[in-house]
Amino acid sequence: MRKIITSMMTIIVIILILFGTQHYLSSKTGTNVSSDKVLNLYNWGDYIDPALLKKFTQETGYRVSYETFDSNEAMYTKIKQGGTSYDLAVPSDYMIQKMKREKLLLPLDHKKLTGIGNYDSRFLNQSFDKNNHYSLPYFWGTLGIIYNDQYVNAKDIQHWDDLWSPQFKNQIMLVDSARDGLAIALITQNKSVNDKSRADLAAAQAKLRTLMPNIKAIVADEIKMYMAQNEASIAVTYSGEASEALSNNKHLHYIVPSEGSNLWFDNIVMPKTAKHKAAAYAFLNFISDPKNAAQNAEYIGYATPNKKALALLPKSIRDDKQFYPNNQTVSHLQVYDDLGQTWTERYNDAFLEFKMTQR
Amino acid sequence: MPKSKQQRQLFYLMPYGLWLILFVVAPLVLLLFQSLTTQDGHFTLHNYALYFSSGTYLLMTFNSVWYAFLITIITLLISYPTAYLLNQLKQKQFWLLLVILPTWINLLLKTYAFIGLLSKTGTVNNFMSLFGIVPQQLLFSNWSFLLVASYIEIPFMILPIFNSLAEINPRLEQASRDLGANRWQTLRRVIMPLSMPGIKAGIQAVFIPSLSLFMITRLIGGNRVITLGTAIEEHFLVTQNWHLGSTIGVILIVAMVITMIFTRDRKNSRKRG
């Protein structure tokens, strides 16, 4: 018994020493940068060029504390429950709508935004945030098809309906996401990706079920790895994932079907937990700067909504129709709305039932 | 310091009691509470009604139990002979260590390693092509799922069986042989009944976690195998209907309790042995 108590005591003493050291260290660094010269940035993992964070600190004096999340829902839960002090976060379109409705966002003062004129007007004023009251676009992208030219002819796979072709039996990888899976079926039936009719949803599910013989697997982020390893010849996934896969395998190509697809956004917002607003505005203006935005886009590989930044990018990126599709294709793209709890569940149940379809 | 022995005992029990209340009882109560309420906080049995009237969830439950059953049988068939042979070896602790070693590696890493082995351009297919066999589709099948899940669970089956076999007095085996039983009869009538507690512990250690496996179903099974773990993940992460997710969680707990009851080590089993 005595041994246990001694060891417990030792552990407690060690914890106290560590705590004291940490406190000492943080107070020491605090003398260089005062504690309110900080910016708490809440972003997706590896979603900014780290060199830019350093540059930002050098230019403005704000130290960036960068925390990451791996899904919109995880970020939403953390901000909703409070206890955090994130000054800026980067949710996707439908989540911005949901957070806005639940009053989790602070409106942006457009007078303090010096760089808003740099953005392409096609990517401003979206349905989820009219007049960009609450958000500035960070990156955008599409849902599309990756194919491997060793196994598939480009002309055989240009439209969503081509996925149903019997020649692709057991060859397609589908992203494991209810919205995206059903969006494909809805688009082929000329319906909106935000359709709220039970009959249309049932029809979309039935259509998707007929795709099952062609589906090899329903997976998530692993798609980029599998495609780079030639595991499958076709995959349906997001442009961001595609750009990573393409950079690892020169036989891969990405297309956005011209009849329509999903257009997604990751926008920067100021959650109501923000404490360092001056720092937040400084960062928003910093990242809107064409040079910085271009550097970031080159590092991440996603499409930038910053028009002036796009002009600074190398020609090979700027003219890449895979990731910067032409105006006509862009005009057919649709943004996801937040469907609300009931319909989110209906979409997910429909997709789950589809996944349970016997093969 | 408390004086009487009883007080002292109580004092030492406190951390354990607190631990149990905070990390075992409280989460269970919360789970049950969540499963019995709706989004706006009303008490209801609606979630359970939804669950039991939905063909999808019932089929998924059946899938979970069926695959957990298969995994348990496969691991048992492999582990019992292995544990038995391990016990005959001289350096048995060393060999046992080798069997246990893979459990020190993170589950996800092991799964990714299997992707490298089983993929179209993976090690297995490369090896087969030496004999002129064209690359086969190994990933994303029920078989690959069973293979990986069984591989991961095997140490948890071997360990309890090994321990219960090691406890058996070797003289009992000799006595059985002296009295005219052959090897098979000795194994069947003496060793197996005496190692029953180990088998039951192994079944518990494998069957229960297998019920809610979910990462492997997607990574290796490509969502061809869908178990309740998938549904729980979806309700907590995507639809954010924690109430229905909790309901499925409660049902899994009930399934586990049933397993525990069936594989309970009855007191009289020793006597019969």
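Author: Happy to! On a 1 Å grid over the protein atoms alone, a cavity is a set of points where a 1.4 Å probe fits but cannot get out, and its lining residues have an atom within 4 Å of a point. Grid points are joined across faces, edges and corners, and a volume is the space filled by probe spheres set on the points. Please keep in mind that this is a predicted model, where local features need pLDDT of at least 70 and side-chain atom pairs count only at pLDDT 80 or more, while totals for chains, interfaces and linings use all residues. Side-chain values use heavy atoms, without hydrogens and water, residues are numbered from 1 along each chain as its sequence is written, and chains are lettered from A and ligands numbered from 1 in the order in which they are written.

By this rule there is one cavity of 30 Å³ or more, and the volume of the largest cavity is about 70 Å³. Its lining includes A:Tyr119, A:Pro137, A:Tyr138, A:Phe139 and A:Ile287, and A:Ala293, A:Asn296, A:Thr304, A:Pro305 and A:Asn306 belong to it too.

Two elements of chain A, strand 4 (135-148) and helix 10 (290-300), each give at least two lining residues; helices (H or I, at least four residues) and strands (E, at least two) are DSSP runs, numbered from the N terminus. Strand 4 of chain A supplies the largest share, three residues.

By class, the lining has seven nonpolar, three polar and no charged residues. Here Ala, Val, Leu, Ile, Met, Phe, Trp, Tyr, Cys and Pro count as nonpolar, Asp, Glu, Lys and Arg as charged, and the others, Gly among them, as polar.

Methods. 1 Å grid on protein atoms, 1.4 Å probe; cavity = no way out; pocket = protein on both sides within 12 Å on 5 of 7 lines; lining within 4 Å.
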